[in-house]
Amino acid sequence: MFISLSHSMFKLKATILRLVLLFLLGFTINKDNLCSNHPFATPTVPPITVHSSSMAKMKFDGHLSFHNNEHAAKDFGNRYNLMPLAVLHPKSVSDISYIIRHVFDLGLNSELTLAARGHSHSLEGQSQAYQGVVINMESFKLPRMRFHFQTGTKQPYIEVSAGELWINILHESLKHGLAPKSWTDYLHLTVGGTLSNAGISGQAFRHGPQIDNVYQLQVVTGRGEVLTCSEKQNEDLFHGVLGGLGQFGIITKARIALEPAPRMVKWVRALYSDFSTFTNDQEHLISSENSFDYIEGFVIINRTGLLNNWRSSFNPKDPVLANRFISEGRVLYCLEVAKYFSPQDYDHIDQDVDKLLSKLNYLRSTLFLSEVSYIDFLDRVHVSEMKLREKGLWEVPHPWLNLLVPRSSIHEFAQQVFGNIVKDTSNGPVLIYPVNKSRWKNRTSLVTPEEDVFYLVAFLSSAIPSSTGKDGLEHILTRNDRILEFCGRPHLGIKQYLPHYRTIAEWKAHFGNQWEVFYRRKLIYDPLAILAPGQRIFRRAHAFGRQ
């Protein structure tokens, strides 16, 4: 009885303390200052020599670097270049906690910020911190990967550092005949990076994004607290950091759900000339109990020799008909699907694939098939990366645009964007595929359209440096602006994925009715707005007086 009463009193006091904290923070961080309606620009803060001096005296398991940090001012988008004051290469979670507590203890008299940097696949400088501290998460590889195998009703999982790359997790998991359930198309990304966004790929229609396949996290908040969180422990923080754009804490460790891994993949592509037929087939596949294991698609506009280019990786079902097909001057839609299998399935896998394909309405002359190992299929984008690196075309500007389009708006979107704005797809692939979020968890920070079925549409463009033509950065950015202007029509209900905005009004519109929860979590877990300044959502507290 006494223990129960004490526990109740403790919970009551904790609740009262949190309410008081929120009340005080409301005065400490004025809402009008925490987020400004003025566009964010590159800050003009002078070098912070005082901070350099104090941080230089700190002792870490890893090390803090004040020189040769140019790499931390770059990302995959290759459009922003914001030099940090220092880069921390942590070797322990205490290193990360220590630096955050140090900055937090500086209080309102400092503008210092911190950004976690994984493999730096961000597009708009989100992993950068101008005159702040960048935490190089790839230096943090502890604990080493640990597997927990199925026992009774407990499903298998792997416990990994947030700085670990998904490709390494795949290699290690396969040694045990296991693999994570949900992936991104590109695997050379860190766990913390994708979990801070979502991690969406062709398996999401079945398993949800990567943030839906996490059992537990270790997080360092903007106060420097190290907390373990899950569905049952610190659940508000757990749901907040998943898809939370790094705003509430830095993920340092994760338990990732696993499943038995297949050995091989039947990989299929086929073309459509009619958008309605294409989307009907995609939606049929994601809603069927017996379907493919991976479902994506892409748009092809005015491409020459399309099917001949596929022959390096695929075999045509009917070579004669494929040779006669003309892709030039046309808007086409490619269905890309995959069926996983293992050696024991070999005698019937072809019949299984044929049965699934028989219910679809693609152009029969354009069916191409391939058989590859599971690991080669999942790591397929890396092959393209290596080819582009050889040509010097990987480290170029990538003005990508990722959108989530409701099912009710997808046809109007396609008519306007693919019919009037995008004239060709030679600058990079344009992905398009549906998911059904009724199977997803709905308490994370990820923002999606209100409808259950929506499409991910991704314009994955690469710009040629110094070009002033259609493959130049300005031309692609102008095209993106036209697309975004169209998407801004309220009745469409379109949301950005991997969002990038410049004003608080835009961020509030993006979050909609989720904004108040997002803002409340910021006040609790990072009240001085220290973390992830590159997202440009919240401004560091000390700068408010000058705005």
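Predicted model: local features only at pLDDT ≥ 70, side-chain atom pairs only at ≥ 80, totals over all residues.
How do strand β12 and strand β17 pair, and over how many bridges?

**View 1. Strands β12 and β17 side by side.** β12 covers residues 294-301 and β17 covers residues 430-436. The two pair in the antiparallel sense, over two bridges. Look for Val 299, which sits opposite Val 430 of β17.

**View 2. The open sheet around that pair.** Nine strands make up this open sheet, in the order β13-β15-β11-β14-β12-β17-β18-β16-β19, and the pairing is antiparallel. At the edges are β13 (315-316) and β19 (495-496), each of which pairs on one side only.

**View 3. Two helices on the sheet.** Helix α15 packs on the sheet and touches β12, β14 (331-341), β16 (401-406), β17 and β18 (453-459). The direction of α15 makes about 20° with that of β18. Helix α16 packs on the sheet too, with β16, β18 and β19 as the strands it touches. Here the angle is about 25°, taken between the directions of α16 and β16.

**View 4. Where α15 meets α16.** The axes of α15 (residues 410-421) and α16 (residues 473-487) come within 11 Å, crossing at roughly 155°. That's over the 145 degrees cut-off, so the two helices are roughly antiparallel to each other. Their crossing is right-handed. From α15, the contact uses Glu 412, Phe 413, Gln 416, Val 417, Asn 420 and Ile 421; α16 brings Arg 479, Arg 482, Ile 483, Phe 486 and Cys 487. Sorted by class, the contact has six nonpolar, two polar and three charged residues.

How values were computed: Residues numbered from 1 in each chain as written. Heavy atoms only, no water. Axes fitted to C-alpha atoms, helices over the stretch in contact; angles between N-to-C directions. Helix = DSSP H or I, 4+ residues; strand = E, 2+ residues; numbered from the N terminus. Parallel < 35°, antiparallel > 145°, perpendicular 65-115°, else oblique. Left-handed = near helix turned anticlockwise from the far one by under 90°. Contact = heavy atoms within 4.5 Å. Nonpolar A, V, L, I, M, F, W, Y, C, P; charged D, E, K, R; others polar. Pairing = 2+ DSSP bridges.
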